[in-house]
There are 4 protein chains.
Amino acid sequence: MTPEQQAEIDAQRAQTHTTRRATAPGMEAHLYTAYPVLDHGFVRVIDYMGDDAAICQAARVSYGRGTKAVSNDEGLIRYLMRHWHSTPFEMCEVKLHVKLPVFVARQWIRHRTANVNEYSARYSILDREFYIPEPSALAAQSQVNNQGRGAALEGQEAARVLDWLREDSDRAYDHYEAMIATQTASGNPQQGLARELARMNLPANIYTQWYWKVDLHNLFHFLRLRADSHAQMEIRVYADALCRIVADWVPLAYAAFEDYRLGGASLSAKGVECLRRMLAGEEVTQESSGMSKGEWREFMGVVE
Amino acid sequence: MTPEQQAEIDAQRAQTHTTRRATAPGMEAHLYTAYPVLDHGFVRVIDYMGDDAAICQAARVSYGRGTKAVSNDEGLIRYLMRHWHSTPFEMCEVKLHVKLPVFVARQWIRHRTANVNEYSARYSILDREFYIPEPSALAAQSQVNNQGRGAALEGQEAARVLDWLREDSDRAYDHYEAMIATQTASGNPQQGLARELARMNLPANIYTQWYWKVDLHNLFHFLRLRADSHAQMEIRVYADALCRIVADWVPLAYAAFEDYRLGGASLSAKGVECLRRMLAGEEVTQESSGMSKGEWREFMGVVE
Amino acid sequence: MTPEQQAEIDAQRAQTHTTRRATAPGMEAHLYTAYPVLDHGFVRVIDYMGDDAAICQAARVSYGRGTKAVSNDEGLIRYLMRHWHSTPFEMCEVKLHVKLPVFVARQWIRHRTANVNEYSARYSILDREFYIPEPSALAAQSQVNNQGRGAALEGQEAARVLDWLREDSDRAYDHYEAMIATQTASGNPQQGLARELARMNLPANIYTQWYWKVDLHNLFHFLRLRADSHAQMEIRVYADALCRIVADWVPLAYAAFEDYRLGGASLSAKGVECLRRMLAGEEVTQESSGMSKGEWREFMGVVE
Amino acid sequence: MTPEQQAEIDAQRAQTHTTRRATAPGMEAHLYTAYPVLDHGFVRVIDYMGDDAAICQAARVSYGRGTKAVSNDEGLIRYLMRHWHSTPFEMCEVKLHVKLPVFVARQWIRHRTANVNEYSARYSILDREFYIPEPSALAAQSQVNNQGRGAALEGQEAARVLDWLREDSDRAYDHYEAMIATQTASGNPQQGLARELARMNLPANIYTQWYWKVDLHNLFHFLRLRADSHAQMEIRVYADALCRIVADWVPLAYAAFEDYRLGGASLSAKGVECLRRMLAGEEVTQESSGMSKGEWREFMGVVE
């Protein structure tokens with residue numbers, strides 16, 4: 001981040017206003033601060049609407065903030081989460097500014113129930129910033145999972161990959177700059193390629209940025225999928241950073257989300273039946289379970 | 001509204017908090033106040049996110065509030081509205097508490113890109129509140145428009161309609177109460193019909209209420225259709241009340257909306273061609289326009 | 001249904017066409033037939049897109065129908081369902097014509113990711129058709145569940161409720177007709193109230209109808225919530241009728257839905273932990289589980 | 001396209017089935033055929049639902065295909081389009097298979113109300129196919145429009161750009177292949193980088209592909225924005241190809257879309273007022289119009 005950008009953020013953080021709106025102190029502390037993710041990325045909260053009490057107010061269609069004890073609110077929030085009553089959680093909203101590599105952005109945008117304004121490479125010039133993985137993140141293709149990772153690459157292979165990623169990024173950006181320039185390297189005038197065309201030379205590890213706004217229900221859905229161990233690491237670190245922020249924003253709702261979604265498990269009808277047989281003392285095997293090998297492995301991951 | 005409800009609202013209005021968030025003074029003044037609509041309805045703002053500057057910040061994917069002159073913001077907002085760039089307007093959000101007759105609610109809910117929590121008649125008991133039109137609103141079926149209204153009913157016909165509406169509402173509610181009661185009128189115990197069944201006896205002029213949350217782009221779309229002269233009057237009065245609130249919340253965006261949407265017009269390719277012929281001095285008639293009678297009437301409504 | 005309407009349906013069923021599109025024989029047999037639901041309602045399939053193979057084709061982004069064995073398709077579909085990969089299921093679509101009471105329609109419409117065209121009571125005149133429950137469906141308010149039902153009403157109480165529902169419906173419709181009429185009962189001319197106003201006198205058990213179009217993923221979501229034992233019976237019977245149709249349309253996807261959703265169960269992190277303790281031989285009670293009474297009751301419903 | 005892929009397509013085209021569903025002959029002729037777009041891309045129709053008559057049936061909530069004359073259907077469709085009644089158009093649906101450069105895909109995906117399954121570069125290996133513009137498409141940055149194009153590049157500058165695009169694409173793909181390979185160029189075994197990481201080295205002109213399903217209303221919205229002269233050429237050619245297909249699928253709806261949307265124009269309240277003054281014989285200038293220069297230029301584009 002440039003000193004000018006940091007100064008803009010600091011100036012905004014320094015201003016306070018008086019409001020009648022519901023205010024979440026835990027979230028106020030996070031506002032505007034850019035939390036680093038990966039080598040050049042960040043997430044920061046631009047605005048938010050609502051708190052734990054607002055979820056309960058909406059569920060009750062209340063006239064005021066109410067005088068209910070916090071323990072009542074906690075019970076209601078857990079009930080709503082357990083029974084998939086999603087609409088009260090939709091009554092909270094958050095707006096983020098995120099800087100992220102393009103290949104992460106392409107996964108992220110698959111979550112459609114959100115609002116987004118992305119930095120335009122038709123209109124503007126992208127910065128020379130590329131994601132280059134840490135050596136520990138430079139993982140081999142998994143042997144067991146077609147869309148997963150194995151151990152980190154070692155020695156010369158790792159070095160070679162890093163060199164290619166760095167060199168190809170740099171060369172692509174050099175050419176990007178040279179193509180849009182209105183004079184050549186030797187100083188002669190040239191027309192300069194349209195930005196909307198020149199950007200096509202840039203690889204998917206270049207950083208982009210956007211404003212992204214989403215309601216709490218859909219954010220939880222995003223976090224459940226992207227903070228999961230099967231998500232690609234480069235998006236999971238963004239989800240993890242968001243989990244920490246949401247836990248401070250709506251602590252009761254986040255605790256219910258952790259219990260019922262992040263830490264919970266889904267069982268199939270076959271799984272429920274096996275479970276009952278096991279609790280009745282029966283020795284159940286994959287063969288006698290009626291499940292496929294993959295299902296059985298996932299089922300054992302829950303019960304063991 | 002009961003005194004208890006008014007007291008809850010007053011208590012909430014009396015509280016202020018300090019926030020780092022963007023704050024719209026025009027909207028703060030409206031917060032929580034219930035603006036009456038129809039005979040028992042209201043709209044009131046529960047929360048909001050963003051202001052005119054937030055629209056521009058999102059469009060620019062900015063790091064701070066920026067130092068742009070307000071005149072720059074106005075030009076950008078008008079440009080975005082004119083060119084149907086909807087995503088920056090989606091970056092503002094508002095949450096409302098609305099009390100409205102069921103037949104209005106059924107039109108309203110057709111706007112799907114919004115979040116809603118409605119008072120549950122499965123869980124709770126509805127109040128004895130029914131919409132009974134003002135005599136001036138008791139309109140005859142239009143002779144020219146199958147889904148429109150003509151002049152107000154007169155004399156005995158109007159009186160008869162009002163009597164029926166009042167009597168049928170009252171009787172339906174008497175029976176609703178008697179059905180769910182756990183003792184009969186003569187004081188004997190009875191089982192009491194389930195609320196989810198008893199509610200089916202209530203007519204569509206009974207009031208319901210909900211929390212409704214929507215982004216500014218989709219709210220503008222709602223207002224364009226529902227503040228229109230072709231909308232049913234009973235939903236238009238809600239749209240009109242919202243227009244006044246939005247004008248104070250995001251004055252630049254609302255002014256652009258008024259100019260380009262509410263007060264603007266759409267022309268077909270045929271309409272554009274006729275227009276050019278007329279500007280060139282030609283006398284164009286419906287016959288020579290290539291338009292149907294309905295299209296021609298609407299076209300003349302624009303140019304005259 | 002009138003003989004004219006039945007004749008229209010029969011005429012449409014009698015026509016066949018040649019197509020290159022994927023065709024589901026199980027669904028062709030259902031096309032257009034109106035399956036009765038409640039006393040005057042129905043569901044019927046107007047059109048559909050896709051079949052089990054189409055789900056797999058989309059997941060594989062294939063060039064043709066492929067030569068994969070059906071057993072491969074089944075495994076893939078089960079994998080997709082188990083891992084919440086919803087997008088391939090969105091590649092199937094169904095369009096229905098449904099006739100249903102208004103209070104059921106108001107629950108149904110809460111499922112927003114669908115397309116709907118409802119019969120317009122602003123434009124047209126509604127029919128004299130009201131839902132009057134079977135005596136066995138005339139249930140008392142549940143004593144344990146604020147939004148549930150208990151035993152059926154008995155004797156005079158049941159008779160009284162049925163009389164009120166019938167009489168109030170009839171009277172409301174008589175007045176509806178009289179208000180929109182252009183002559184009075186005694187034959188004198190009158191203006192006739194606008195339809196958009198007169199409809200407000202009609203109770204929520206009147207029937208409406210609509211075309212409703214939805215993708216398979218969102219239909220499964222609808223069925224999971226509405227074919228559930230906690231759903232109101234009057235919408236559950238529609239969900240049940242749809243389950244039978246979907247089972248014939250996409251048998252592999254429906255079987256996976258039954259196993260993983262309808263018949264499956266969700267456990268919280270606490271539930272998973274208790275389960276493991278129980279499988280290890282520990283005697284776990286509500287007190288030692290860390291769950292609330294409600295959670296424990298639901299947990300025991302899964303494991304027992 | 002490989003001969004195997006073409007054979008799969010041909011095999012699917014050769015099969016016909018009998019169906020009771022509404023069938024659009026104009027669309028049947030297009031089914032499955034891959035229409036080339038850009039140098040390696042294509043669009044092809046995988047499935048469709050509905051036709052012009054289906055739009056009218058939904059608007060009328062009909063029991064059958066009806067016996068209305070086609071001229072009635074045309075009038076109704078034009079009325080619906082003119083008055084922004086979008087829901088009947090949502091009752092038609094189309095599923096496409098599209099091959100397109102990644103930078104085009106990133107614009108395309110901004111249309112959120114659609115279903116998509118993209119070829120996964122986490123799971124699979126991408127092909128060596130890159131978009132290299134025709135010389136005539138190699139445009140300079142526009143001098144007047146920050147997100148537009150000027151004249152084509154000439155001479156050495158054009159040659160240099162094409163060389164860079166080709167060389168950088170090839171090198172990036174060489175390294176992509178070498179990184180995921182399980183042996184080095186000299187034949188020694190290596191671990192092989194995870195596909196989900198290796199893809200980040202590939203530039204935005206590489207081709208991807210997806211299944212994309214959308215309803216007709218949202219497709220029209222896509223076409224209005226993307227077949228527009230301000231859209232980037234590389235997405236406009238896809239929109240143009242789709243326009244030709246849709247014109248054969250729903251000829252009445254497409255004609256209305258052309259008249260009211262593609263060929264039509266929007267006027268602001270200020271524009272309407274100026275128009276009336278001009279028709280009344282007044283000489284209106286930008287200064288006396290109350291419009292900004294940009295607005296005036298666009299307004300003159302309509303009336304002249």
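Tutor: In this predicted model, A:Asn115 stands opposite A:Lys213, a residue of strand E8(A). Residues are numbered from 1 along each chain as written, chains are lettered from A in the order in which they are written, and side-chain values use heavy atoms, without hydrogens and water. Local features need pLDDT of at least 70 and side-chain atom pairs pLDDT 80 or more, while totals for chains, interfaces and linings use all residues.

Student: In which sense do E5(A) and E8(A) pair, and over how many bridges?

Tutor: Strands are DSSP runs of at least two residues and helices are runs of at least four, numbered from the N terminus, and two strands pair if DSSP finds at least two bridges between them. Strand E8 of chain A covers residues 207-215, and its pairing with E5(A) is antiparallel, over four bridges.

Student: Which strands are the edge strands of the sheet?

Tutor: The sheet is open and has five strands in chain A, in the order E2-E3-E4-E8-E5, with antiparallel pairing. Each edge strand pairs on one side only, and these are strand E2 (35-37) and strand E5 (115-118) of chain A.

Student: At about what angle to E8(A) does H8(A) run?

Tutor: Axes are lines fitted to C-alpha atoms, for helices over the stretch in contact, and angles between N-to-C directions run from 0 to 180 degrees. Helix H8(A) lies across strands E4 (93-101) and E8 of chain A, where contact means heavy atoms within 4.5 Å. The angle between H8(A) and E8(A) is about 130°.

Student: Is A:Arg226 buried or exposed?

Tutor: An unreviewed UniProt entry lists A:Arg226 under "active site", although such annotations may be inferred rather than shown by experiment. This residue is found in helix H8 (residues 216-226) of chain A. Buried means under 20% relative accessible area, exposed over 50%, and partly exposed in between, with a 1.4 Å probe and protein chains only. Because its relative accessible area is 15%, A:Arg226 is buried.

Student: Which side chain does a polar contact of 3.1 Å join to that of A:Arg226?

Tutor: A polar contact is a pair of N or O atoms within 3.5 Å; within protein, one must be able to donate a hydrogen and the other to accept it, and residues adjacent in sequence count only if both atoms are side-chain atoms. Among the residues that A:Arg226 touches are A:Gln107 and A:His111. The polar contact of 3.1 Å joins its side chain to that of A:His111.

Definitions and conventions. Lists of a residue's contacts leave out its neighbours within four places in sequence.
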